[in-house]
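Dear colleague,

I am handing over the structure below, and after it I set out what was found when going through it. Please read the notes with the structure open beside them.

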Amino acid sequence: MSSDSTAILDDYKYGFYTEIETDSVPKGLNEDVIRIISAKKEEPEWMLEWRLKAYRWWLKQQEPKWAHLDYPPVDFQDICYYSAPKKKSDNPDEIDEELAATFEKLGIPLHERDRLAGVAVDAVFDSVSVGTTHRELLAEKGIIFCSISEAIREHPELVKKYLGTVVPYTDNYYASLNSAVFTDGSFCYIPKGVRCPVDLSTYFRINALDTGQFERTLIVAEDSSYVSYLEGCTAPSRDRNQLHAAVVELIALDKAEIKYATVQNWYAGDKEGKGGIYNFVTKRGHCRGQNSKISWTQVEAGSAITWKYPSVIMEGDNSSGAFYSVAVTTNKMQADTGTKMVHIGNNTKSTIVSKGISAGKSVNSYRGLVQVLPDAANCRNYSNCDSMLIGGECSANTFPYIESENSSAVIEHEATTSRVSEDQIFYLKSRGLSEEDAISMVVNGFAREVFKQLPLEFSVEAIKLLEMKLEGSIG
Amino acid sequence: MSDTQTYFEIRNLHAETEGIPILKGVDLSIKQGETHALMGPNGSGKSTLANVIMGHPAYEVTDGEIIFMGQNVLELDPEERAQAGLFLAFQYPVAIPGVSVAKFLKSAHDACHPELKSKSSEFLKELRENIKYLEVDDSFINRYLNDGFSGGEKKRMEILQMLTLKPKFAVMDETDSGLDIDALKVVSKGVNKLAGPNFGLLVITHYERILRYIHPDHLHILIEGKIVHSGGPELVKKLEESGYDWVREQFGQEVLVG
Ligand SMILES: Nc1ncnc2c1ncn2[C@@H]1O[C@H](COP(=O)(O)OP(=O)(O)OP(=O)(O)O)[C@@H](O)[C@H]1O
Ligand SMILES: [Mg+2]
């Protein structure tokens, strides 16, 4: 059990720490640690084998350096790979009161009596899921929505069939690390022809000090099914960096549609750039079936460093992929984010709308790849990457890559960089709007196309989040 | 408030930007119901004066005061000035992409008139009337504010904002520049709709022709940050009889274009 002296005061309102007894594995990474994690999760042998293969592969790799980011090397032996609140009860449906209170404070009620209407929530605290709401409603429709650990135990055939098929453990450095040590995340399975009646949502909370969170999420949408999934995240404010290395895999079969939205608000460090989460994430969707659709919508507002490219592989003919992103960086935050759209099937269509907002001394980069394979006929891509600068000390970069090997492809790319000027803010203020309302109006207008993609209440939240982030950053 | 009392007054106003003095002691007094015209060559400080009246942060007031209906304007933030009933029609209105004209005008209206906060439907009805009055196309309601607008459209948009916000005192900074004659008539029509005993207006211009539509009661010439000449009704009468040629003779061709 750790008492926390490093949580520092600042204006990040989710920066509190929950005193709770934990069951954790000593710092450091080796095969034994992986065996312990697997044992704690009561995993079948094949799962452990897969983890170990990933670990052995990872050992042979170098940390990638190509991103437009600057940070000291991560000491992987100085991280704790498993930390879980100690169970007080053996009843899996009973939620620990202290944890429920923590999530309540974060605006995520877990108790059935006051849970969020219209959204089923899976809450992940450090390395484990602590509760999932709306279970019966979902079960009636045959939808499986639970933590990935539970899915490995209860639905091993499904997990085995799909896990690692979109992001193999050899994919990249952080993905293979995640495959070796992933602790929790969500599993969603939507059966054939089912339209998921509520939005599914996972809320990730990092609490313990020096603990890495290795989230693994897997969403499978069978033929003609539909699901909208939302992800939110926060962590205590600390002056030491913490690692969040997630892998998310989405699989859409014939005519299925998956909408995945993230509002990422990890602790971003203080004004001097001390502390904050390193957010190194691999998110990829696979339009495996014909006429399938996958869209990623992200509002990236937190983390000291973000390295994230939610991508779509359009293999089925007539499938489509979309990426809508608002990334805001302030103070000394660094973000290198974007997407990869891979056109394999005929008549596949992708859309990229990226809005980067940088303030303070932050660095905000968009990196995107549109790839059309030789046999993919009549593909289209439309990309629009806009950057907005607030103040004179931040920077924005755009790195768009196009690799088209089929001459029938139509690829359009637009990019702009603009500055929120004192004059814009003054113009709005001279019409009676307060400084906050003026900034929010400019930023909102700028990110309008992306906010439109979010479910209404989330877009309201996201707009508030941006306003909070940008308060006081003009002039 | 009786119309003999001071309505809007500037006393000994000095303002600078980045250490460079631009306004060097401006005095100006405008009574309720009056329209004043301000002329002067390029760079004389007209827009600076307009911006300082509205509280632009780029300018520092080093001396003097601005009083509006008994309030010390310099103590107020720009939004408080707007809420108090001041309005500036900008010489170069900026664009706010992604923000529709309707949404912007509703927010601005509600901020300036919290007591009149209207339902969206009522607001839209009035907005449509004003838009028609200014002969603007209905589609502008859903366009993004000044984004891709032509010069003339931006100027009409400023007047539309003025009609929507119903200020008590307005400064129009070269609203007439770059307008064709039809647009000029429309803009003047808009201004004259607001004009009346409860309104004060300062019209900054380089052109004689707008003064034929908006009849000023007083005329001021600003040169190098100072008002070098002011005249009241007797001057205006003289102008009506013998034209503006003497202005050009006395203060230079650039002050007033025919
Ligand atoms: N923000 C600023 N920064 C630097 N210089 C400025 C600024 N604003 C005004 N000036 C300078 O102050 C002087 C007066 O400018 P202002 O725009 O007030 O003139 P004006 O009378 O409105 O001219 P015009 O007839 O061309 O509109 C000019 O020399 C201008 O370059
Ligand atoms: Mg000017």
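B:Ser47 is partly exposed, with a relative accessible area of 23%, whereas B:Gln91 is buried, at 15%; the cut-off that separates them is 20%, since buried means a relative accessible area under that value. Please bear in mind that this is a predicted model. These two residues coordinate the magnesium ion (ligand 2), B:Ser47 through its OG atom and B:Gln91 through OE1, at 2.0 to 2.1 Å. Because B:Ser47 lies in helix H1 of chain B and B:Gln91 in the loop between strand S6 (86-89) and helix H3 (101-112) of that chain, the pair ties together parts that are 44 residues apart in sequence.

Chain B also has an open sheet of four strands, in the order S2-S1-S4-S5, with antiparallel pairing. Strand S2 (20-31) and strand S5 (71-72) of chain B stand at the edges with a single partner strand each, so one side of each is left without a neighbour in the sheet. Two bridges join strand S4 (residues 60-68) of chain B to S5(B), and B:Phe68 stands opposite B:Gln71 in S5(B). Helix H1 (residues 46-54) of chain B packs on this sheet, where it touches strand S1 (6-17), S2 and S4 of chain B, and its direction makes about 110° with that of S1(B).

Turning to the nonpolar cores, the largest has 112 residues, and those with the most contacts inside it are A:Ile357, A:Leu428, A:Leu466, B:Phe8, B:Ile10, B:Phe169 and B:Met172. Helix H9 (residues 435-451) of chain A gives the largest share of this core, nine residues. Apart from it lies another core, of 56 residues, which includes A:Leu52, A:Tyr71, A:Tyr173 and A:Ile251. As for B:Ile10, its contacts beyond four places in sequence are B:Val26, B:Asp27, B:Leu28, B:Leu49, B:Ile53, B:Glu65 and B:Ile66.

In chain A, strand S14 (residues 305-308) is joined by four bridges to strand S12 (residues 276-287), with the two running parallel, and A:Asn279 has A:Thr306 of S14(A) as its bridge partner. Four bridges also join S14(A) to strand S17 (residues 334-343) of chain A, again in parallel, and here A:Lys308 has A:Thr337 of S17(A) as its partner. In a regular strand the side chains alternate between the two faces of the sheet. In S14(A), A:Ile305 and A:Trp307 point one way and A:Thr306 and A:Lys308 the other way, and all are buried.

With best wishes

Methods. Residues are numbered from 1 along each chain as its sequence is written. Chains are lettered from A and ligands numbered from 1 in the order in which they are written. This is a predicted model: local features need pLDDT of at least 70, side-chain atom pairs count only at pLDDT 80 or more; totals for chains, interfaces and linings use all residues. Side-chain values use heavy atoms; hydrogens and water are left out. Buried means under 20% relative accessible area, exposed over 50%, partly exposed in between (1.4 Å probe, protein chains only). Two strands pair if DSSP finds at least two bridges between them. A nonpolar core is a set of buried Ala, Val, Leu, Ile, Met, Phe, Trp, Tyr and Cys residues joined through side-chain atoms within 4.5 Å. Contact means heavy atoms within 4.5 Å. Axes are lines fitted to C-alpha atoms, for helices over the stretch in contact, and angles run from 0 to 180 degrees between N-to-C directions. Donors are N, O and S atoms within 2.8 Å of the metal (3.2 Å for Na, K and Ca); water is not among the atoms, so sites may look incomplete.
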